[in-house]
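Could you walk me through this structure in my viewer? I would like to know what to select at each stop and what is there.

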Amino acid sequence: MKKILVADDEVSIRLLYSEELKEEGYDVYLAANGREALEVVDKVPLDLVILDIKMPEMDGIEALRQIKEKRPDLPVVLSTAYGEYKQDFATWASDEYLVKSSDLEDLKSMVKRYLKD
Amino acid sequence: MVSERAAFLTQMVEVLTSTVSFGERLNNMVHLLGRNLKVDLALYFGLDKAKETLALNLSSAGPVPPHLQVEFPMGRGLVGETAESRKAKVVHRHQPGVLAANAPLEKLHPAYHTLAAFPVADDNYLYGVLILVDRGDRPFTPAERQSVELACLMLAGTLRQAIVQEEAKKRIAELSVLFEVGKALSSTMELEVLLERIVSTTAKVITARGAALHITDAATGEPLVSSRYGQIPPECPALPKMQGPTGAGEPPHFEGRSADAKGRMHYCLAVPLTFKGQLHGTLGVYDKFAPSGDFLPFDPENRQLLYTMAGVIVNAIENALTYQKVEDLAEKNERMVKNLTALQEISQALLTTVQEDRLLEILLQGLTLERGLGFDRAVILKVDETTQTLKGAKGARRPAKPADLPNSKALLLAPPEELPINGWEIPLRADQGPLALAVQRKTSYHHTQALPDPVWPAALKDKFTPPEFFVVPLLVKDRATWVTVVDNQASGRPLETEPLHVLQMLATQAALVLENAHLYSTIEANNRELLLIRERMLESDRLAALSSLASGMAHEIRNPLVSIGGFARRIAKLVEFSSPLRGYVEVIQEEVTRLEKLLREILDFTGENLSYYGDHEMAKLIEDTLILVQRDLDANKIKVVKEFAALPRLHCDDRQMKQVFYNLFQNAAQAMPDGGTLTIRTYAVEKPDGLYEAAAISDTGGGIPLEVLHNIFNPFFSTKDYGTGLGLAIAQRIVSRHYGQIEVTNEMGKGVTFIATLPVAKYCLVKDAGHDAVPASALKGPKGGRP
């Protein structure tokens with residue numbers, strides 16, 4: 001079973017994403033900030049990470065940098081409530097960039113694309 | 001005897017006092033004497049004072065044929081002796097010496113015996129001698145002698161009277177001549193006419209066939225004026241240059257004579273004209289007429305008359321010369337005043353505007369108007385320093401009939417009669433002729449017909465190649481900025497010096513006002529740009545608050561929205577189709593979707609989006625956007641009309657531009673729910689700061705009410721029950737971010753046209769003469785790039 005980490009400081013978002021992704025048949029890990037996310041990355045052989053940008057303690061951008069240092073092969077998706085305006089050179093390291101939406105079809109089809117085999 | 005004598009004397013008195021002519025009276029008297037004294041012949045010898053001789057004038061035998069003409073010198077023969085002694089004398093042939101002394105008389109009477117001589121004289125003068133000839137050896141009684149002497153005395157009186165009369169006549173004639181001359185002299189002050197009258201009067205007075213007058217400058221010897229009248233025989237020598245009398249003695253004169261080919265003699269007489277000033281002159285006459293038709297030499301009397309005339313006319317000529325000088329000066333002054341007035345009027349007219357185009361018009365009007373400088377044609381060319389060319393700016397020709405305007409100023413401000421100057425473009429090189437040279441050398445150039453043909457640049461061949469023209473550069477700070485060229489080709493008049501001087505004066509002023517106009521327009525453009533920038537800054541100030549609020553809120557609102565919406569979707573999956581809950585959940589979903597869309601639009605509007613600038617064709621952007629709205633247009637049965645001009649590419653963010661068109665098309669579609677026509681037109685717009693492209697989007701939706709029109713670009717303003725009210729605000733913001741603008745024209749009852757005008761290149765607005773233009777991308781490029 002493919003392993004996905006969802007990192008978001010909003011508990012409702014974590015809940016929504018894990019419910020939806022579990023339903024799709026993935027093994028879902030959760031983290032409330034960047035630091036927690038890195039701990040999971042160290043412990044679990046993940047297949048995909050979905051990172052919120054704005055999080056307490058360590059934000060998504062810093063987490064992205066460190067994850068890519070540890071595991072350059074691990075696909076990381078930035079998911080944010082901001083518009084596109086926060087996109088800058090720091091986000092280029094991510095593999096995908098998604099604006100959060102109540103319609104999760106985009107997210108799910110993207111995950112499927114990365115984890116198809 | 002006594003009665004006989006009395007009768008004789010009575011007859012004598014009758015003869016001498018008769019009214020017949022003097023010559024006839026004399027003749028009658030000689031006959032009377034001959035008859036009464038019963039002598040064979042009575043002869044009258046008249047005294048020629050000049051020659052000091054006595055010549056036979058009359059004979060009682062009738063007219064004296066030429067071969068019988070007899071002449072005695074004073075003191076010779078009986079005639080000469082009697083004239084000298086003034087005493088009567090009677091001699092006889094046999095007396096010694098008589099025959100020899102009076103031999104010529106034998107021709108008249110070969111067999112005379114007695115000669116009686118009586119002087120015809122009064123107390124003062126001797127007029128002649130009367131000779132009575134008789135074949136007999138006759139004595140003259142004292143009574144007879146007394147009678148004859150008395151008769152001679154009476155004769156002398158008559159002669160005296162005749163001479164006085166003759167002299168009086170002569171004096172009158174002379175006076176009338178002087179009167180004629182005076183009349184001629186005072187009739188005019190025109191030098192040429194005066195001289196003509198002088199020579200013609202001179203010729204007439206002296207009864208000469210021709211007359212001539214020459215005046216030369218004494219210092220240089222240059223001929224000044226001359227005049228001729230009548231026929232001047234070519235055989236006569238040229239009149240010498242003569243100087244007036246020096247000191248005492250006979251004044252100088254010149255007399256010449258020569259024969260023509262036919263052997264006919266010609267004569268001339270000349271006297272000097274003595275002027276006070278530095279002038280020499282000669283007055284001459286040619287060929288005096290004789291009654292016979294021959295020409296006569298001039299006599300001392302003629303000479304005297306000529307001197308008199310010369311004396312009289314000198315003053316008149318001097319006056320006329322002075323008058324002419326004064327007139328010339330006055331005329332020159334008048335012209336100068338006229339030109340200065342024109343200059344002043346043009347200068348004033350030039351102060352009425354700071355617009356370059358108007359200034360050029362006023363200048364040209366001033367150059368070509370009759371009340372201005374009056375040139376036939378005038379062209380003003382502008383120096384383009386970047387391309388190093390001289391380009392025709394404006395040309396004018398003198399109007400055939402100037403506009404009927406009240407004063408010079410109004411005339412000057414009227415538009416000139418335009419002279420086409422298409423293609424006047426001259427490279428600024430020394431080999432391109434006088435116009436280019438005037439710029440390079442910064443000097444005026446007056447080309448006259450006397451000079452060799454100038455080099456004509458290719459641009460002017462067959463267009464402007466006058467034989468005479470004047471080029472003057474307009475200099476500012478030792479730099480030629482404009483060039484003016486004028487000519488008089490149409491009328492063929494030569495270019496006069498004074499208008500050219502005035503033109504040069506005008507050029508200095510024109511250069512200044514044109515430079516001012518240039519500076520003014522630069523300031524104006526800068527000012528305009530500053531205003532634009534200020535407006536934009538104000539706008540961004542206004543929006544900055546909204547912007548940060550919106551983006552902060554968007555983040556805070558979006559997370560809960562995602563949760564609400566996401567879970568609503570999950571609930572929807574679990575609820576039965578038939579359950580009433582299903583409807584509720586769907587409402588939640590739809591509202592969340594709507595709010596998410598609103599959030600997206602707010603973020604678009606607050607402008608923190610990325611810009612990806614590139615070069616795009618406007619038509620392509622429109623076509624691409626039309627595809628997106630095609631469904632809505634079809635739904636409303638809207639016909640699309642496209643009129644695209646071929647235009648250069650726009651430097652813009654294609655995504656944002658499409659957003660603009662999308663919003664405008666959406667608005668149009670919504671304005672025409674029951675069908676209509678959407679017309680999209682693109683075209684180029686030339687503005688003072690550069691080239692723009694415009695897209696005009698017109699609908700037939702009936703127009704926008706006035707109270708609504710004011711608000712259409714305000715954010716969150718909407719007349720619709722749906723939408724965010726941001727569509728036009730976003731469109732305007734994007735366009736202004738591209739340094740363009742959106743205008744709206746509204747026709748109530750018909751429809752609305754939105755016109756988006758965009759600069760082809762952003763640097764249209766920030767060009768600076770001193771630097772190369774900076775491309776827009778360098779000024780405001782993308783904040784990031786596409787990954």
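Begin in chain B by selecting B:Leu381, B:Leu435 and B:Val483: of the 53 residues in the largest nonpolar core, these touch the most other members. Bear in mind as you go that this is a predicted model. In general, nonpolar side chains in soluble globular proteins tend to be buried together.

Stay with B:Leu381 for a moment. Leaving aside neighbours within four places in sequence, B:Leu381 has contacts that include B:Leu435 and B:Val483, along with B:Trp424 and B:Trp482. The stretch B:Leu390, B:Lys391, B:Gly392 and B:Ala393 is in contact with B:Leu381 as well.

Coloured in order, they read β21-β23-β24-β26-β25, an open sheet with mixed pairing. At the edges you will find β21 (638-643) and β25 (741-747), each pairing on one side only. Neighbouring strands here are turned by 20° against each other on average, direction ignored.

Zoom in on β23 (residues 676-687) and β24 (residues 690-698) of chain B, an antiparallel pair joined over nine bridges. To see one pairing, pick B:Ala684, whose bridge partner in β24(B) is B:Glu693.

α15(B) lies across β21, β23, β24 and β26 (751-759) of chain B, and runs at about 175° to β26(B). α17(B) also packs on the sheet, where it touches β25 and β26 of chain B, and its direction makes about 135° with that of β25(B).

How do these two helices meet? The axes of α15 (residues 654-671) and α17 (residues 727-737) of chain B come within 9 Å and cross at roughly 145°, in a left-handed crossing. For the contact itself, select residues including B:Val660 and B:Leu664 on α15(B), and B:Ile730 and B:Ile734 on α17(B). The residues of this contact divide into seven nonpolar, six polar and no charged.

Finish with chain A. Its secondary structure comes to four helices and five strands, running β-α-β-α-β-α-β-β-α from the N terminus. Of the 117 residues of chain A, 38% count as buried. Among chain A contacts between residues at least 6 apart in sequence, 58% join residues at least 24 apart.

Key. Residues numbered from 1 in each chain as written. Chains lettered and ligands numbered in written order. Predicted model: local features only at pLDDT ≥ 70, side-chain atom pairs only at ≥ 80, totals over all residues. Core = buried A, V, L, I, M, F, W, Y, C linked by C-beta atoms within 7 Å. Buried ≥ 20, exposed ≤ 12 C-beta atoms within 10 Å, placed from the backbone. Contact = placed C-beta atoms within 7 Å. Axes fitted to C-alpha atoms, helices over the stretch in contact; angles between N-to-C directions. Left-handed = near helix turned anticlockwise from the far one by under 90°. Nonpolar A, V, L, I, M, F, W, Y, C, P; charged D, E, K, R; others polar. Pairing = 2+ DSSP bridges.
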